[in-house]
Amino acid sequence: MTKPSLPELLHAAVAAVGGAERPGQVTMAEAVGQAIDDGTHLLVQAGTGTGKSLGYLVPALAHGDRVVVATATLALQRQLVERDLPRTVEALHPLLRRRPEFAMLKGRSNYLCLHRLHEGVPQDDEEGLFDPFEAAAPTSKLGQDLMRLRDWSDETETGDRDDLTPGVSDRAWGQVSVTSRECLGATKCAYGAECFAEAARERAKLADVVVTNHALLAIDAIEGAPVVPQHDVLIVDEAHELVSRVTGVATGELTPGQVNRAVRRAAKLVDEKAADQLQTAAEGFEKLMELALPGRLQELPEDLAYALMALRDAARAVITAIGNTRDRSVQDEDAVRKQALAAVENVHAVAERIANGSEYDVVWYERHDRFGASLRVAPLSVSGLLREKLFADRSVVLTSATLKLGGDFNGVGASLGLAAEGVEGEDLPVWKGIDVGSPFDYRKQGILYVARHLATPGREGSRDDMMDELAELIQAAGGRTLGLFSSMRAAQAAAEELRGRLDQPVLLQGEDTLGELIKTFAGDAATCLFGTLSLWQGVDVPGPNCQLVVMDRIPFPRPDDPLMSARQKAVEEAGGNGFMAVAATHAALLMAQGAGRLVRATGDRGVVAVLDPRLANARYGSFLRASLPDFWYTTDRNQVRRSLAAIDAAARTAG
């Protein structure tokens with residue numbers, strides 16, 4: 001029997017999921033298949049509606065080697081495991097004559113821990129009773145959540161938090177889960193044989209396709225502790241998110257609360273001398289943090305360096321002491337010891353990292369209204385780490401609707417540790433970028449309107465002219481507006497102002513769960529939804545109820561963002577253009593994601609309005625516009641009002 005061709009396989013898979021084959025999808029599948037065959041790397045920009053999941057799953061399954069697919073969002077993970085993979089495997093089975101197995105793999109804290117559930121949480125003395133099930137009143141929300149978790153543990157096959165509906169609070173979940181550092185290990189744990197996290201790992205070891213997330217991929221790369229099984233092909237979907245997720249995993253934090261918890265947990269396990277040394281170091285650190293002002297620390301102040309070294313040394317002494325003592329009087333000693341060790345080891349690791357002061361790290365103070373001050377450290381760049389860990393020994397395909405910024409892939413490529421496309425050299429991964437387009441006709445379906453006549457937005461202060469413009473646009477559109485704001489303060493101010501001016505209801509992020517807000521917005525044409533960052537890429541509302549997407553300003557990073565400004569400065573010191581490489585690239589990615597909310601289906605029509613004249617007037621405006629879908633472009637405010645009114649009228653007639 002001849003081997004089925006890729007177009008045949010794709011055709012069968014598309015038919016099975018009830019989709020329509022797109023030219024871009026065929027181009028993508030062939031390019032992915034070629035990259036896997038050649039052992040090279042590929043960046044694929046595939047617009048909304050291309051069907052990119054099948055564009056990479058089909059060639060990957062056809063190849064037959066083990067594949068890891070890493071996504072940024074839970075929604076896509078679920079879609080792959082619950083919809084795309086089962087149907088695709090069934091459709092390809094008769095042609096491939098094999099049935100590839102697939103499995104989902106997440107970090108340990110995403111799974112219910114049976115030891116925690118049955119033995120209780122080793123609590124800090126000041127923080128409550130030993131068993132949270134006894135401590136939480138059954139009538140309280142926490143108590144109800146915990147009782148529900150206990151019932152669910154008897155029926156769930158996966159123990160995966162995301163399979164629990166409705167969900168529970170982070171606080172409740174924290175009572176029944178452990179981090180990998182707190183885990184006793186399957187061989188030492190009384191529940192090791194039934195462990196959900198271990199079972200997920202075993203399933204992943206046997207699977208042909210493992211679906212995981214960017215964070216777990218980062219942990220695998222950074223900590224060098226293999227969590228993800230060996231594989232020949234890595235596919236990174238939603239790849240525009242990868243750098244920020246890896247940075248998040250590589251960021252360390254110290255807070256007085258966290259250090260004090262470590263002190264309390266260790267105190268009952270070590271001699272008085274070691275406990276007192278850590279307690280004294282913790283008090284010194286806490287005093288300093290009370291005076292901490294937000295901002296980057298180019299050099300460590302002497303008093304902070306001293307406090308960190310004291311913490312580091314005291315933590316090291318406690319770690320040694322915990323290893324040398326046993327105390328049978330402590331209930332569930334192994335779990336208590338493991339939790340204390342995890343807390344103290346984290347304090348030691350972060351204190352040592354900051355005290356050592358690497359030139360490749362950025363250190364800063366942060367202040368939070370609710371949680372107080374924290375000391376943070378993050379890598380200046382993760383590109384070297386990604387080049388070394390991601391692109392070695394396997395073929396990597398990175399895909400997203402937004403990878404091509406300012407007209408090419410080099411900006412995103414550089415952030416991933418790749419040299420400019422076509423540049424070859426020793427230790428430089430070979431890659432190419434392709435844009436397979438979109439099934440949508442953006443020039444006919446959408447308008448990009450820039451309000452050129454408005455004043456340039458300043459750092460603070462009211463923008464009365466912007467509010468007037470926003471109100472007029474919403475009225476012309478008859479509601480149907482998604483407002484994307486560069487800060488929560490701006491979103492709140494706009495919602496407050498326009499609720500007093502407009503007949504149309506305005507929903508605000510934070511006033512209900514995101515899911516509920518989006519459902520209400522999608523269900524009522526007159527409604528507007530205002531919010532910030534997570535809405536820029538989290539809203540999928542095809543149809544006439546989202547016909548105007550407004551961005552209040554170009555979403556550059558804040559000038560006082562310690563990490564972004566440090567990265568910008570580093571590029572400048574190396575002779576590059578820091579503003580374009582960091583700030584403009586960051587803004588371009590967000591704007592492309594935001595503009596992508598408008599056209600989600602072939603029948604969608606509407607306007608993306610940017611209320612920041614710099615998009616039309618500034619030198620970098622053309623770079624940002626080239627990163628957006630190819631909408632028809634105008635700065636004519638009367639034209640755009642007429643267009644919105646016509647789109648609104650057409651939607652009313654059709655409705």
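These legends describe an overview and several close-up views of a predicted model.

**View 1. The whole protein chain.** The chain holds 27 helices and 18 strands. Its C-alpha trace spans about 75 × 70 × 60 Å along the principal axes. A compact globule of 655 residues would have a radius of gyration near 26 Å, and the chain has 27 Å, which agrees. Of the 655 residues, 52% count as buried. Among contacts with a separation of 6 or more, 77% join residues 24 or more positions apart.

**View 2. The aromatic pair of Phe 485 and Phe 530.** The structure holds seven aromatic pairs, and this is one of them. The ring centres of Phe 485 and Phe 530 lie 5.1 Å apart. Their planes meet at 55°, so the pair is tilted. Phe 485 sits in the loop between strand E13 (481-484) and helix H20 (488-499). Phe 530 belongs to strand E15 (residues 528-531).

**View 3. The aromatic pair of Phe 556 and Phe 579.** This pair is tilted too, with 55° between the planes and 5.3 Å from centre to centre. Phe 556 lies in the loop between strand E16 (548-551) and helix H23 (562-573). Phe 579 is in helix H24 (residues 578-595). The pair links distant parts of the chain, 23 residues apart. Phe 579 has 25% relative accessibility and counts as partly exposed.

**View 4. An aromatic cluster.** Three residues form one cluster here: Phe 440, Tyr 442 and Phe 631.

Methods
Residues numbered from 1 in each chain as written. Predicted model: local features only at pLDDT ≥ 70, side-chain atom pairs only at ≥ 80, totals over all residues. Heavy atoms only, no water. Phe/Tyr/Trp six-rings, centres within 6.5 Å; stacked < 30°, edge-to-face > 60°. Helix = DSSP H or I, 4+ residues; strand = E, 2+ residues; numbered from the N terminus. Buried < 20%, exposed > 50% of the residue type's maximum accessible area, 1.4 Å probe, protein only. Rg over C-alpha atoms; globule rule 2.2 N^0.38 Å. Contact = heavy atoms within 4.5 Å.
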